[in-house]
Amino acid sequence: MLYPQLFADLEKARWDMADDIAWDQFDASKLSEEQAVTIKMNAITEWSALPATEMFLRDNRDDSDFSAFMSIWFYEEQKHSLVLQEYLRRFRPDLAPTEEELHAVRFEFDPAPPMETLMLHFCGEVRLTQWYRRASEWHTEPVIKQIYKTLSTDEARHGGAYLKYMKRAIDKLGDEARLAFAKIGMLMASSARSGKPLHPTNLHVNKDLYPMDTVQSRLPDPEWLERWLDTQIHFGKEWEGRVVGGILRNLSSLFGETFETAADLNRFRKQLVANLGQA
């Protein structure tokens, strides 16, 4: 089982919201209205770890190891929302999310294949690592800069944990797991061509609720994410390249192959399809 060691490793790296965030370094002159509003949107978005955890537990009933790991992931992701809310509560209480705004992003996700969902969330962690790193650079107020840097590091650790479960899946399922990971990996690595930032929070997940079936569609400002990326933190080609590069490097290591581009990964995917068809 992976859960016991992951618990020990993540416990050692865990930060304390009261003692490890330099709240006393807050400088009101360096926090703009524009920046403060984005903190609220991220606080609500992070709250969606709640329905994601409910999905994971439902769709992985036969996997107690991974389900137990959800206790760590859920705790740490909810703490991300909480620390952003605490920042607003202390320094911009007028922007603190209401309970109704938080509850709005809790809705049921349709069942989905566990391997594809695992890969999707691995890619999501890779992407959030870079989004939050860039957000830390964009912000000018010292405390929120530290918070975003802290969250980025957490997301990188979560991606590493998901990667361990992906390796375990390959050990158990072989090409079936490789194909699921390659399929989603190709989609995520091709996000620049899709014209939108692909992340679990802006993908449709409940056909009966469409089009109000993405986390982003349920925020007070559903259009904020693209604006945040394009005109605020300026998450451009260089940063998107870091996301794609991270996905391809990790899959290269996981599969024992070399993927320089999404096209390389697609060729590998097609070979897996042919191999499984022959089998």
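1. Leaving aside neighbours within four places in sequence, Ala-22 is in contact (heavy atoms within 4.5 Å) with Val-143 and Gln-146. Ala-22 sits in the loop between α1 (3–13) and α2 (33–47); helices here are DSSP runs of H or I with at least four residues, strands are runs of E with at least two, and both are numbered from the N terminus. The C-alpha atom of Ala-22 is separated by 9.1 Å from that of Ile-147, 125 residues apart along the chain. With a relative accessible area of 27%, Ala-22 is partly exposed; buried means under 20% relative accessible area, exposed over 50%, and partly exposed in between, with a 1.4 Å probe and protein chains only.

2. On the source: this is a predicted model, in which local features need pLDDT of at least 70 and side-chain atom pairs count only at pLDDT 80 or more, while totals for chains, interfaces and linings use all residues. Residues are numbered from 1 along each chain as its sequence is written, and side-chain values use heavy atoms, with hydrogens and water left out.

3. Helix α7 covers residues 142–173. Its 32 residues should span 46 Å at 1.5 Å a residue, and the end C-alpha atoms are 47 Å apart, which agrees; the expected span is 1.5 Å times one less than the number of residues. At the start of α7, a side-chain oxygen of Glu-141 comes to within 3.0 Å of the backbone nitrogen of Val-143. A polar contact is a pair of N or O atoms within 3.5 Å; within protein, one must be able to donate a hydrogen and the other to accept it, and residues adjacent in sequence count only if both atoms are side-chain atoms. After α7 comes Gly-174, with a positive phi near 60°.

4. The next helix to check is α8 (175–189). Buried residues in α8 include Ala-177, Leu-179, Phe-181, Ile-184, Gly-185, Met-186 and Met-188.

5. Helix α4 has 28 residues. From first C-alpha to last, α4 reaches 41 Å, close to the 40 Å expected at 1.5 Å a residue. At the start of α4, a side-chain oxygen of Asp-63 lies within 3.3 Å of the backbone nitrogen of Asp-65.

6. Which residues lie nearest the centre of the largest pocket? They are Phe-109, Leu-120, His-121, Pro-200 and Thr-201, out of 37 lining residues. The elements giving two or more residues to this lining are α2, α3 (49–59), α4 (64–91), α6 (114–138), α8 and α10 (224–232). The largest share, nine residues, comes from α6. The largest pocket holds about 610 Å³ of space. On a 1 Å grid over the protein atoms alone, a cavity is a set of points where a 1.4 Å probe fits but cannot get out, and a pocket is an open set with protein on both sides within 12 Å along at least five of seven lines; lining residues have an atom within 4 Å of a point. Grid points are joined across faces, edges and corners, and the volume is the space filled by probe spheres set on the points.

7. By class, the lining of the largest pocket has 21 nonpolar, ten polar and six charged residues. Ala, Val, Leu, Ile, Met, Phe, Trp, Tyr, Cys and Pro count as nonpolar, Asp, Glu, Lys and Arg as charged, and the others, Gly among them, as polar.

8. Ala-49, in α3, is buried, because its relative accessibility is 5%. Beyond its neighbours within four places in sequence, Ala-49 is in contact with Trp-73, Phe-74, Glu-77 and Gln-78. Ala-49 and Thr-201 are 152 residues apart in sequence and 9.6 Å apart in space, C-alpha to C-alpha. Asp-59, also in α3, counts as buried at 15% relative accessibility. The side chain of Asp-59 makes a polar contact of 2.7 Å with the side chain of Arg-58. Outside four places in sequence, Asp-59 is in contact with Pro-111, Ala-112 and Pro-114.

9. The loop between α9 (191–194) and α10 holds Gln-216. Gln-216 is buried at 5% relative accessibility. Leaving aside neighbours within four places in sequence, Gln-216 is in contact with Thr-45, Thr-201, Asn-202, Pro-222, Trp-224 and Leu-225. Pro-211 is also in the loop between α9 and α10, and a cis peptide bond, with omega about 5°, joins Tyr-210 to Pro-211.

10. His-234 is not a glycine, although its phi is positive, about 55°. His-234 lies in the loop between α10 and α11 (237–255) and is partly exposed at 46% relative accessibility.
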